[in-house]
Amino acid sequence: MPPGTVRYWSWLFAALDSREPLLGVYALLAEWRALMDPDTALAVAQIKLAWWHEEMRRLAEGAPVHPISRYL
């Protein structure tokens with residue numbers, strides 16, 4: 001997270017026990033934001049989106065496989 005950004009400041013001033021989960025959420029958002037990159041081929045984005053859809057199902061069931069999801 002680049003210093004001086006809104007996310008950096010929100011992390012810096014968060015309660016100490018909230019910082020690690022907040023980093024996990026920001027990492028997850030970065031993964032999802034990459035799906036919306038206009039330079040990403042549509043077919044690739046669709047595959048990634050389908051994978052994340054399944055990952056959210058696995059997370060809800062308590063069996064995620066992605067490191068970020070497992071952390072959350």
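Me: Which exposed residues does the face of helix 3 turned away from its buried side carry?

Reply: That face carries L42, I47, L49, H53 and A60. Exposed means over 50% relative accessible area, buried under 20%, partly exposed in between (1.4 Å probe, protein chains only). Helices are DSSP runs of H or I, at least four residues, numbered from the N terminus. The model is predicted: local features need pLDDT of at least 70, side-chain atom pairs count only at pLDDT 80 or more, and totals for chains, interfaces and linings use all residues. Residues are numbered from 1 along each chain as its sequence is written, and side-chain values use heavy atoms, with hydrogens and water left out.

Me: What puts the buried residues on the same side of helix 3?

Reply: The buried residues are A45, W52, E55 and R58. They cover an arc of only 140° around the axis, so they sit on the same side of helix 3. The arc is that of the directions from the helix axis to the C-beta atoms. Their cover includes helix 2 (16–35) and helix 4 (67–71), counted by contact, meaning heavy atoms within 4.5 Å.

Me: How do you know that the span of helix 3 agrees with its 19 residues?

Reply: The expected span is 1.5 Å times one less than the number of residues. For residues 42–60 that gives 27 Å, and the end C-alpha atoms are 27 Å apart, so the two agree. G62 follows helix 3, with a positive phi near 85°.

Me: Why is the pair E55 and R58 called a salt bridge?

Reply: The rule asks for a side-chain nitrogen of Lys or Arg within 4 Å of a carboxyl oxygen of Asp or Glu. Between E55 and R58 the N to O distance is 2.7 Å, so the pair qualifies. Both residues are buried. They lie 3 residues apart in helix 3, about one helical turn.

Me: What makes E54, R57 and E61 one network?

Reply: Shared partners do. E54 bridges to R57 at 2.7 Å, and E61 meets R57 at 3.0 Å. By the rule, the count comes to 3 salt bridges.

Definitions and conventions:
Helices (H or I, at least four residues) and strands (E, at least two) are DSSP runs, numbered from the N terminus.
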